[in-house]
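Subject: Structure for your review

Dear colleague,

Please find the structure below, together with its sequence.

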Amino acid sequence: MPADTAAESLARLAAERVDHRFKGLPPDAGGLTVGALAAQRRNLFTGGFATPVLALSAERLEHNLRLMETYAARHGLAFAPHGKTSMAPQLFRRQIEHGAWGITLAVPHQVRVARAFGVRRVFLANELVDAAALRWISAELDADPDFRFVCYVDSVRGVELMDAALRGAARPLDVVVELAAGEGARTGVRTEAECAAVADAVAATRTLRLAGVAGYEGEVPQADPERVMAWLRRLVALAADFDQAGRFTGLDEIVVSAGGSAWFDAVADVFAEIPELSRPVLKLLRSGAYVSHDDGHYRKLTPFNRVPEEGALEPAFRLWTQVVSRPSPEQAFVNAGKRDAAYDLDLPFAQVVRRDGAERPATGVTVTALSDQHAWLSTTPEADLEVGDWVGLGLSHPCTSFDKWQLIPVAEADGTVVDYVRTFF
């Protein structure tokens, strides 16, 4: 897709009308375009927004984008952040503007979203054997010489199915052999011998081209630095063995890819050890949760805890809720639950309370459970909490936070809403 068409697609998001589809937005904004509402620069707390409402910090979002751009450049890594985290084309564009090589995705629907908004390089970190999806991707490749697509293969049978679906394609589809993270791990080829058999199957087709090797170190069983780095060195050795065997003849570059959000420091260290191969190596990192970060799971696991001299990500999400019941001194309820907040890894964290325009720490307030539309709060005697107070919750796991909100306000520190991020799940 040409750059101007991509810009037009993003511009159409601003032309979308605000209505009942988008929870948390001011009721009196119904009928306005998203762009017109953004131009009003309403305040999140005084501009008519209704709780619950999820907001992204404008400053923290920009900080995280810049930090990972700098990190990847410092370590000589190409960066294809995983788009499944946000499924937000506006954020895809900002990630690319901040130096991303392309966007990683997981399923064909996500690729369609990316292509609709002009993403020219897609790494599909998954096997793809669906014939209809393969034919669509092949048509995209044939129609757009600037479109680059790479996906996993992990079995001879998978190669056979891909080959059958792609017969007649003008361009071969680039694939990387996925090395499993270990026995009992998720997808991927378990042994190097089986990897060679899959590579042989690819070489026997005209529809596929072997572009490199890849995998996901986050699935290493009982992961610790030693086990993760040992697996990453297996991945690098596999690339070197394939190269020595002449499997990458005709390529401009060899793809070696790994990297979730918990071990990208190990990826950087081991990828720095990649020996000189017959072609330049595209060292492709795929971490995605960084864009919003979080207040739980990734705050504990981020590699920046191990390398603080490299910087620190900042949690950009806050879910604003309102106290709707205070049945006892030990208990309160706010009006957000499983339909609004991630809960697959950790419950939300009560962070701040707002009353009459003043904000203070949520001392003595703990989220203990979620119903569909309520969060259960335990309150100690020091908790000063009344019906009507706004409670700001931190969230854990960005991937299951974005997907509950179709249009997310982006607010500056003083509450001024400067943009709205549209998601497509």
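**Salt bridges and one buried methionine**

R66 and E62 are four residues apart in helix α3 (residues 58-74), which means that about one helical turn separates them. Helices (H or I, at least four residues) and strands (E, at least two) are DSSP runs, numbered from the N terminus. The side chains of R66 and E62 form a salt bridge, with an N to O distance of 2.7 Å. A salt bridge is defined here as a side-chain nitrogen of Lys or Arg within 4 Å of a carboxyl oxygen of Asp or Glu. R66 is partly exposed, at a relative accessible area of 48%. Under 20% relative accessible area a residue is termed buried, over 50% exposed, and in between partly exposed (1.4 Å probe, protein chains only).

Please note that this is a predicted model, in which local features need pLDDT of at least 70 and side-chain atom pairs count only at pLDDT 80 or more, while totals for chains, interfaces and linings use all residues. Residues are numbered from 1 along each chain as its sequence is written, and side-chain values use heavy atoms, with hydrogens and water left out.

Across the whole structure, the search finds 30 salt bridges. In general terms, side chains of opposite charge can pair when their charged atoms come close.

A second pair is E273 and R233, whose closest N and O atoms are 2.9 Å apart in a salt bridge.

E359 is partly exposed at 42%, whereas R354, at 17% relative accessibility, is buried.

Finally, M87 is found in the loop between β2 (78-79) and α4 (89-97). M87 is buried, its relative accessible area being 0%. Leaving aside residues up to four places away in sequence, M87 touches F92, L105, Q110, V113, R422, T423, F424 and F425; contact means heavy atoms within 4.5 Å. The C-alpha atoms of M87 and T363 are 34 Å apart, and these two residues are 276 residues apart along the chain.

Yours sincerely
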